[in-house]
Amino acid sequence: MKKILIHFIVLAVCVFVFSSTVMAAKSPPLKGAILPEINLAVPVKDSDRSYLGLPASGFFKIPQIKARVVLIEIFSMYCPHCQGDAHNANKLYNMIEDNPKLKDKVKLIGIGAGNSSYEVEVFMKTYDIPFPLFADMDFSIHKVLGEVRTPYFIGIKINNDGTHRIFYSKLGGVNNPDQFLDLMLRLSGVKQGGVK
Amino acid sequence: MKKSNCLSILLGIVLIFLLGITSSYGLSDAFKDNIYHPENLKPTDSVLKVKIGDRAPDFTLPAVFGGKISLSRYLGKKNVVISFVPAAWTPVCSDQWPGYNIVKGIFDKNDAILLGITVDNIPTLFAWTNQMGKLWFSVLSDFWPHGRVADRYGVLRSNGVTERALFVIDKKGIIRYIDVHDINKRPRLESIVRELEKLNK
């Protein structure tokens, strides 16, 4: 009996430990919640590190990005809609960067679900993507984000104390950059500060 | 550690591994809810009938956008990549060719063309590939006689669909690379690029 109990405990511990990291989340991140723990490698490119306000190397969590709002696009180079919406995402980035009141407050990143670094690079070069893209080759990030379809956008608002909340989580691309940016600013509360 | 305890840990690892296997492919919203998700399949289920160094068997198949295409038309002119995918409207297949569709430049640079082949019929392939945007490469139907070309290459599975297989054929018509991939997974783009670049060395 004791042996069976030991076996059961070992098995249960293994399942518990791995299930928190490997198993897929049951649903996409919810508005009002916080992001699941995602560790990304600090980008190699100086310009990307500088854009995100990150140290020289190591790993970081998305809420550590130096900004008030981070927009995260879950994409794949194999996804036709992501391909078709790439120019809209670029326009969104340029609208933010061209606005002195927004450029330090709002940042944009992409996570390539199931894409290798090479595939992400191909996507970036094909569409001249100016913002940082990260590879999620084994779908591990995609899994903890509820295996969403692509393109999918998540918006988080980072508070002064380093905490954050998801204010937007929805299937679909940018489509209309003007409307999308306006929506993000309103939902995040940034627009109330008179930045646009 | 006792043998029985080792067994428990092993069982745990196996269970965790199985729990971790989920289909994350076919996730583009371009396909909406129209993707059929099969169970995890046996990785490969056929025996190759060609090998690297062989002359690639010629074939003529109908193309989705009209006419017929023969492999021999590229002899002495272009390197050829053949991408067999198992079936339309399935997750990994729907997540493979759209990626190839944005790398025409890589194929051009390596003087290569791409032929996509499945055993689906033309109307099915028409509806499916339309969701991928305008494809620059030819999609061929090996529907009838069912899977004859796939069988000639040895990539027809026992249930009538093809393997997820890549063949790189040089301008002399010689097979230079074969990847009969795990049907449940998408081959990395870099493997094709690497093999194409080898042809030019």
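**Notes on the predicted model**

1. Let's begin with chain A, which holds six helices and seven strands; helices (H or I, at least four residues) and strands (E, at least two) are DSSP runs, numbered from the N terminus. Along the sequence of chain A the pattern reads α-β-α-β-β-α-β-α-β-α-β-β-α. Residues are numbered from 1 along each chain as its sequence is written, and chains are lettered from A and ligands numbered from 1 in the order in which they are written. Please keep in mind that this is a predicted model, where local features need pLDDT of at least 70, side-chain atom pairs count only at pLDDT 80 or more, and totals for chains, interfaces and linings use all residues.

2. Chain A has 196 residues, and 39% of them count as buried. Here buried means 20 or more other C-beta atoms within 10 Å of the residue's own, exposed means 12 or fewer, and partly exposed is in between, with C-beta atoms placed from the backbone. Among the contacts in chain A with a separation of 6 or more, 64% come from residues 24 or more positions apart; a contact requires C-beta atoms, placed from the backbone, within 7 Å.

3. Have a look at strand β3 of chain A (residues 69-75). Seven of its seven residues are buried, so β3(A) is largely enclosed by the rest of the structure. One side carries V69(A), L71(A), E73(A) and F75(A), the other V70(A), I72(A) and I74(A), and all are buried.

4. β3(A), helix α3(A) (residues 80-97) and β4(A) form a right-handed β-α-β unit. Right-handed means that, with the strands pointing away from the viewer, the path from the first strand over the helix to the second runs clockwise.

5. Chain B has an open sheet of five strands in the order β5-β4-β3-β6-β7, with mixed pairing. Its edge strands are β5(B) (138-141) and β7(B), each pairing on one side only. The twist averages 15° from one strand to the next. Within this chain, β3(B) and β6(B) pair in the antiparallel sense over five bridges, and V81(B) stands opposite V168(B) in β6(B). Helix α7(B) packs on the sheet, touching β3, β4, β6 and β7 of chain B, and its direction makes about 170° with that of β7(B); axes are lines fitted to C-alpha atoms, for helices over the stretch in contact, and angles run from 0 to 180 degrees between N-to-C directions.

6. In α7(B) (residues 189-199), L189(B), I192(B), E195(B) and L196(B) are buried. They cover an arc of only 135° around the axis, which puts them on the same side of α7(B); the arc is that of the directions from the helix axis to the C-beta atoms. The buried residues of α7(B) pack against α4 (117-127) of chain A as well as elements of chain B, including α3 (97-100).

7. Finally, W136(B) sits in the loop between α5(B) (122-130) and β5(B). With 14 C-beta neighbours inside 10 Å, W136(B) counts as partly exposed. Leaving out residues up to four places away in sequence, W136(B) touches N101(B) and K104(B).

Conventions:
Two residues are in contact if their C-beta atoms, placed from the backbone, lie within 7 Å. Two strands pair if DSSP finds at least two bridges between them.
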